[in-house]
Amino acid sequence: MIHCGHPPARRIGRITLPWPAKTASPAAPPGTIGSMDLLEAYRRSLAEFIDRVDQVGPGQWSDPTPCPDWDVRALVNHVVGEDRWSVPLLAGRTIDEVGGRFDGDQLGADPATMAREAAAQAEIAATHPGALDRTVHLSAGDTPADEYLQQLLAEHLVHGWDLAVAIGAEPRLDPDVVRVCARWFADRVDDYRDNDLVRAGVRVSDDDEQDLLLAAFGRDPDWVPGG
């Protein structure tokens with residue numbers, strides 16, 4: 001899912017997954033993960049990503065990112081596309097029904113405004129009463145909506161870090177959201193690696209939760225442009 005570029009695989013919306021989605025732990029009701037509400041964690045991941053988009057300077061849209069195939073604009077366009085896809089998917093639409101309306105450029109002449117609008121619509125869709133009790137119809141199979149939202153949370157969190165280090169913004173992520181994402185990903189990391197959706201884990205020399213999560217997603221926490 002948190003890939004850099006476009007590896008061949010089956011699609012969830014336009015998130016790439018090659019196996020049927022796993023469900024959330026049956027010990028917790030939909031929308032809850034430990035001590036933090038899933039919707040709150042998702043909102044925070046959205047807000048952090050948009051905050052970093054707002055910091056992109058006029059001359060930075062073609063700068064490199066930790067994703068070798070994507071510059072800053074391509075990375076932001078990818079996440080905005082995920083936000084736009086989430087609206088009809090959380091409403092019960094199928095991929096065939098949505099079609100190709102979200103293919104190609106989603107940013108236009110004002111990327112920051114387009115990103116804010118897409119995030120706002122995605123948040124409305126996720127917080128609609130009963131949204132997380134639904135089943136989302138994805139190409140890998142029907143998936144509980146709260147599992148889909150976990151994937152979107154990780155999308156915004158990890159690509160938010162990608163964007164931050166690419167443009168020289170503050171790279172520290174919300175520690176509570178990092179913790180939520182790490183708990184969810186612990187049961188999925190082997191699947192992601194086996195299907196080439198993340199690079200092999202990077203060794204880190206400390207026990208910093210953020211660094212460990214980034215390494216699990218194949219990122220080098222010390223990445224710098226041109227490094």
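The model is predicted, so local features need pLDDT of at least 70 and side-chain atom pairs count only at pLDDT 80 or more, while totals for chains, interfaces and linings use all residues. Residues are numbered from 1 along each chain as its sequence is written, and side-chain values use heavy atoms, with hydrogens and water left out. The protein chain holds 8 helices and 6 strands, where helices (H or I, at least four residues) and strands (E, at least two) are DSSP runs numbered from the N terminus.

**Overall fold**

- Along the sequence, the elements of the protein chain follow the pattern β-β-β-β-α-α-α-α-β-β-α-α-α-α.
- Of the 227 residues in the protein chain, 52% are buried, where buried means under 20% relative accessible area, exposed over 50% and partly exposed in between, with a 1.4 Å probe and protein chains only.
- The protein chain exposes about 9,900 Å², and carbon and sulfur atoms supply 50% of this area; accessible areas come from the Shrake-Rupley method with a 1.4 Å probe, and for residues only the protein chains shown count as cover.
- Among contacts between residues at least 6 apart in sequence, 74% join residues at least 24 apart, a contact being heavy atoms within 4.5 Å.

**The nonpolar core**

- The largest nonpolar core has 63 residues, and those that touch the most other members are F49, V53, V72, V76, L149 and L163; such a core is a set of buried Ala, Val, Leu, Ile, Met, Phe, Trp, Tyr and Cys residues joined through side-chain atoms within 4.5 Å.
- At least two residues of this core come from each of α1, α2, α3 (95–98), α4 (111–127), β5 (135–138), α5 (145–167), α6 and α8, and the largest share, 14 residues, comes from α5.
- Leaving out residues up to four places away in sequence, F49 touches L75, V76, V79, H156, H159, G160 and L163.

- Helix α8 (residues 209–216) is largely enclosed by the rest of the structure, because 6 of its 8 residues are buried, namely Q210, D211, L213, L214, A215 and A216.
- At the start of α8, a side-chain oxygen of D208 comes to within 3.1 Å of the backbone nitrogen of Q210, and just after the helix G218 takes a positive phi of about 80 degrees.
- The structure has 3 aromatic pairs, a pair being rings of Phe, Tyr and Trp (its six-membered ring) whose centres lie within 6.5 Å, with planes under 30 degrees apart counted as stacked, over 60 as edge-to-face and the rest as tilted.
- One of these is the tilted pair of W184 and F185, with 6.0 Å centre to centre and 35 degrees between the planes.
- F185 also forms a stacked pair with F217, at 3.9 Å centre to centre and 15 degrees between the planes, and this pair links F185 in helix α6 (residues 175–185) with F217 in the segment after α8, 32 residues apart.
- F185 counts as buried at 2% relative accessibility, F217 is buried with a relative accessible area of 1%, and ring pairs link W184, F185 and F217 into a cluster.

**Salt bridges**

- The whole structure contains 12 salt bridges, each defined as a side-chain nitrogen of Lys or Arg within 4 Å of a carboxyl oxygen of Asp or Glu.
- R172 and D208 form one of them, with their closest N and O atoms 3.2 Å apart; R172 lies in the loop between α5 and α6 and D208 in the loop between α7 (189–194) and α8, so the pair ties together parts that are 36 residues apart in sequence.
- R73 is joined to D105 by a salt bridge whose closest N and O atoms are 3.0 Å apart, which links helix α2 with the loop between α3 and α4, 32 residues apart.
- R52 and E48 meet in a salt bridge of 3.9 Å, N to O, and they are separated by about one helical turn because they are 4 residues apart in helix α1.

**N77 and its surroundings**

- N77 is placed in helix α2 and is buried, with a relative accessible area of 17%.
- The side chain of N77 reaches the backbone nitrogen of Q106 at 2.6 Å, a polar contact, meaning a pair of N or O atoms within 3.5 Å of which, within protein, one must be able to donate a hydrogen and the other to accept it, while residues adjacent in sequence count only if both atoms are side-chain atoms.
- Apart from neighbours within four places in sequence, N77 is in contact with G104, D105, Q106 and L107.
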